[in-house]
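I opened this notebook page to record what I looked up in the model. My entries follow in the order in which I made them.

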Amino acid sequence: MGVIAMRRRGLYRAVAFLAAAGLVAGACGGSDDSAPADTTEESSEEAEAPAEESAEEPAEEPAVEAGDEAEGDVDTEVIEEETTIEYGGSVSVGLEAEATGLRPWEDSCSSPCYNMMIAVYDKLMEQDATGAYAPYLAESITPNEDFTVWTMTLRGDVTFHNGVELTAQTIADMFPIQQAGAAGSGAVTAANLVSVEATGDLEVTYTLSQGGSAFPASLARAPIGMVFDPAAAAADSEGYSMAPIGTGPFVIDSRDLDNETTFVRNDSYWGTDPDGNALPYLDSISFRPIPDEGTRLDALLSGTVNAMQTLRQGTIRDARAARDDDGADITLWEFQGNNLGGGMYNVLVPPFDDVRVRRGLTHLNSQEQVIEALGGTGISLPATQWFSPDSPWWSEKVAEAWPQFDFEGGVAFLTEYINDPERSDGKAAGEMIDVELSCPPDPTLIASTQVVEQAYTATGLVNVTITNYDQQTHIGIALGGENGFVGSHQQHCWRWSSDDDPAVNLNPALAPPTAEIAEAAGLAGAVSPLNFPNWFSPTAFQAVVAANQTDDFETRYGLYESIMLEFADQVPVYYSGHTATAIGTDTNVLGLNSWHVPSGELGIGFPSAEGRWSEVFIAS
Amino acid sequence: MATTNSSTTPEFPRDRLSNVSSAVAGPTDVAPETTNFLKIVRAMPLRVKMASLWLLLVVFGAIYAKLDTSLFGGALPLQDPNIQTNGFIRETGEFGTGRPIEGMSGSHWLGTDAIARDTFARIVHGSWVSLIVVVVSACCGIMIGGFLGSLVGFVRGRVETIVMATVDVILAFPALVLLLALVSIFEVRNLFVISAVISVLSIPAYTRVARANSLAISSREFVTAARAIGTKPSRILFREIIPNVLPTLLAYTMVAAAYVVVVEGSLSFLGLSVQLPTPTWGNMINQARRDIKINVAQVIWPSLALTVTVLSLNQVGDFFQQRREVRGSNL
């Protein structure tokens, strides 16, 4: 293996919640001092579990500014260190599932799939460590005044794995395929993208039907942003999934479905590290689907694989225990971004059409207890909005406004509704309300569901039925294609937000859910099937549209804050905690946290356990 | 010398019919003294005695738990299986002091699960689901399957062909797959639905067992004699066939029950049995497997309960089947 001694800037995760660090955090957190009712006779227990603070005293939490690290946040600071880069070697990555496919325009991917795709494809844009969008395969991108036309210049001298040169026409030719693709069509619609033209050898012009200041975010997502060879894709779409062709750092070598997919080094890769060294460092990388969480972790611990991903707090907890208590030689690259767990109420279905019920049930949601049931104590932060405390979009005002656990407060709201002779569910005054609480049948989610169920049942006001449907059915019920996208769900587990620009998630979530509602609001045609709670607020929708038409951060911040405040007031959705994810590796697998965008800035890291593998290397 | 008029069918006194049957030595009458409970117990090997004791404990625990919740409102000394000991206590306005995935202690004999519920209480309450499913499936199996099998084994002909072909088709289909398909039809899965579905799938096996026995018994002398004296077929079926098929079915019930417990456990493990938060051994195993690295005991306790129960049912079932075979061979 070739060795290059160099200075690198690394974003190193200190893996914050070692037991000792937990003690320090608990001591510094302020909760022990400020919550005397919770500390009696339990001080030693609380010291062992510092994040198990009661959620009853939100006002006494220390103020956190947007962008700061918060107590309990697993993210770590950027540090400078001397590292020796070494070429060669192979990494085998255990994934939580097989990729649904490797065609960015067609296959709806989640985290495992992206890990593989990012090895073979490059994106036009990428997020840097600050969350800003930086050109990647693009060299630059500029909007017109009203953000309806975006002109992008591509990087030159980039070729696909099959030797075909990347030009502006390539991007233009990709567009019809993306428009027709199962994954691409939705993304094209959401981005209001109406045409893509090659206006020069390397210049591409994107035209949107309405202003979109966050359009670069769409180019950092797989369906529109990942670059593929359109001629090869048109010639054999099905075959492309088995033999993908991109411009990325690795070339497909073999694909054995449900067993192993191997990529080898792309010797003609265009990318270099900040010191000008050719990328990638590894000779090859392979991905193996290992669906069972415990088995995947065991595979890492036993050396069957030398990297694994997880999106489960319980697995992170077990991996930490293996490392800290059993001395396993592993590194945990943890990431806690904006993505958060929780659920939603279908506001078109009684009794959830009444805000008193939504508020009452939300007050009964003990986030700390739910997080504990998820195995995330000391790992996940309770969420109050679609942004984590270290996001620039996070708002303290929203955090204070979010309805915290308040049993009697919740009972009061529910009682008011139940005793209302005009109650919306058609039952007689005084009768209990019926709630169907549905989650996929994952043991972790089952545990958290039962925590919520017990709180509801304890009021004596709510009849709870717990249902568990497989993931596909669960989503289908909420999507409700058969009943005009209203869905038949009541209270439904769901995930919200991501580390993308807020517009990416909020635009579709706030548009009118049905044609009738859209027409009533004078927004005919602006229907979104992705408004799963079916909650429509003209003010929130106007805010999200306005935020999409300006690139002034302060203005956008204010608009998104207003939306989050309306969420806190109307509670169409509720939250548990931010999702902690991790990639575990052997200790000699380095570089996951220190990849760069071409400008030399550090990349975002590994959100949702999606690694970027071009700058990964194996230290001897 | 008295002669008999051969042109007329001999009138056999109705009140002597049962005597004729008995005289031909129907299996039920071979050793009436073995119905003595103490003699049966004494005849049991130690392992069968222990298995029986465990089964009695399970039945007692299930009934006790049910009485506790439905009749005594939780006043009996057994913790509420659904109470999270770290949950909010309305009376005090504070959260409980329990902890999840706790080890064994005086207050929680078998520890607590992932959401701080008492594992012992959940195992005891979980036995109720198993018990009900076993009892209902056995009753349905014996009543419907037993009757069908006895009937077709006795009447034979086209009815037998149709019924047994249907049974063969159902038995040829992978049981668990069929079960999953049936269960998935129901949106609300309560104990009644689960018991009914498992019972439906139990019927073919009972039918086959009953039919095999019915065939054998139908060719016995006492049945032939009953036919010969002109006894109505329905009377033969109910008085001669079914009573003699029944002991075999009862012995088979214990073995079938073991299978039913496993099937219900599998459904629970897959999240397709009774709805949460009702405890079952299967859903306890499923929910505890996430934390297996932290506290393996939470997987072991319900697994042990399931395993020992199945083992016990097999032991007891085998014992009674062997007794039945011995008695049969004595004929």
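**Conventions.** I worked from a predicted model, in which local features need pLDDT of at least 70 and side-chain atom pairs count only at pLDDT 80 or more, while totals for chains, interfaces and linings use all residues.

**Entry 1: the interface.** I first looked up contacts, meaning heavy atoms within 4.5 Å. I found 38 residues of chain A in contact with 30 residues of chain B. I then looked up the buried area, which is the accessible area (1.4 Å probe) that two parts lose on being put together, summed over both. Chain A and chain B bury about 2900 Å² between them, and 48% of this lies on carbon and sulfur atoms. On the side of chain A, P443(A), Q450(A) and Q454(A) lose the most area to chain B, together 19% of what that side buries.

**Entry 2: pairs across the interface.** I applied the salt-bridge rule, a side-chain nitrogen of Lys or Arg within 4 Å of a carboxyl oxygen of Asp or Glu. The rule finds four salt bridges between chain A and chain B. I noted D292(A) with R289(B), whose closest N and O atoms are 4.0 Å apart.

**Entry 3: helix 23 of chain A.** I took helices (H or I, at least four residues) and strands (E, at least two) as DSSP runs, numbered from the N terminus. Helix 23 of chain A spans residues 553-570, 18 residues in total, and reaches 25 Å from its first C-alpha to its last. That is close to the 26 Å expected at 1.5 Å a residue, the expected span being 1.5 Å times one less than the number of residues. I listed its buried residues (under 20% relative accessible area, 1.4 Å probe, protein chains only); among them are R556(A), Y560(A), I563(A) and F567(A). The buried residues of helix 23 pack against helix 16, helix 20, helix 22 and strand 18 of chain A. After the helix comes V571(A), with a positive phi near 35°.

**Entry 4: chain B.** I counted 11 helices and two strands in chain B. Along the sequence, the pattern reads α-α-α-β-β-α-α-α-α-α-α-α-α. Of its 331 residues, 45% count as buried. Among contacts in chain B with a separation of 6 or more, 72% join residues 24 or more positions apart.

Technical notes:
Residues are numbered from 1 along each chain as its sequence is written. Chains are lettered from A and ligands numbered from 1 in the order in which they are written. Side-chain values use heavy atoms; hydrogens and water are left out. Buried means under 20% relative accessible area, exposed over 50%, partly exposed in between (1.4 Å probe, protein chains only).
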